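Please look through the model below.

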Amino acid sequence: LMKKTELLTKLGLTDPCEGFIANPHIKLWGWNGGSELFGKLIERFDPKLIIEVGSWMGQSTINMATCLKQQGKEDSCVIAVDTWLGSREHWIEPELRAHLKLQHGFPTFYYDFLSNVVNHGVGVKVMPIPMPSSIGSEYLYNKLGGEISELIYVDGSHEQQDVYQDLTGYWKLLKPDCIVFGDDYDWEGVNTAVHGFAAEVGTPVLQLGGPFWALRKQPKH
């Protein structure tokens, strides 16, 4: 079991939600993060630990944490790995850059994410890990060991090389007979990386409806 308190002890970290004063006016939004699919997968795989790669404002994070609460999974939590520095699109396109909330040139929307988590009452279920996904996978592997998660959601960068790197890094944290899943199957970079990685590990690409895909880790014999 992986309560947040136990997770904090293993990671040697303090709870970022503790003492945090949330902004009550922050709007929760995102892309496909509110889907009912998350709840169905949580019911199916009964995860003790969910890892999310790419969290943005926390729509999918909060959806999963809320589902854990609603389904009575008291001892489960979500690790959210993100830099909260924005993606390529946010820096290139001026209209998206406003979302980064730059202060003296540095993005500050991590605090919007944290506000959303606290405002939705799931602080006890969510542990943000603010670092690049490649460092995050190594950090978690080093601190927690391998094959620790039943459900891993990959929705970070959509560049082919980045998606492939995320799948490679987090696959070793996934328990056998469990799934890594993601969004944006219709993005060329995502699609190519998912199919390439699936061929390497010898598992079919499962289409979960809409933009969602999944890869199941074959059980060991």
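## A buried lysine and its partner

K73 counts as buried, at 13% relative accessibility. Buried means under 20% relative accessible area, exposed over 50%, and partly exposed in between (1.4 Å probe, protein chains only). K73 forms a salt bridge with D46, and their closest N and O atoms are 2.9 Å apart. A salt bridge is a side-chain nitrogen of Lys or Arg within 4 Å of a carboxyl oxygen of Asp or Glu.

D46 is partly exposed, with a relative accessible area of 36%. D46, K48 and K73 are linked in a network of salt bridges.

## Basis of the model

This is a predicted model: local features need pLDDT of at least 70, side-chain atom pairs count only at pLDDT 80 or more, and totals for chains, interfaces and linings use all residues. Residues are numbered from 1 along each chain as its sequence is written, and side-chain values use heavy atoms, leaving out hydrogens and water.

## Other salt bridges

The whole structure holds 12 salt bridges. One of them joins E147 and K217, with the closest N and O atoms 3.1 Å apart. K217 is buried, with a relative accessible area of 11%. E147 is partly exposed at 26% relative accessibility.

E159 forms a salt bridge with R88, the closest N and O atoms being 3.4 Å apart. R88 counts as exposed, at 51% relative accessibility. E159 is partly exposed, with a relative accessible area of 30%.
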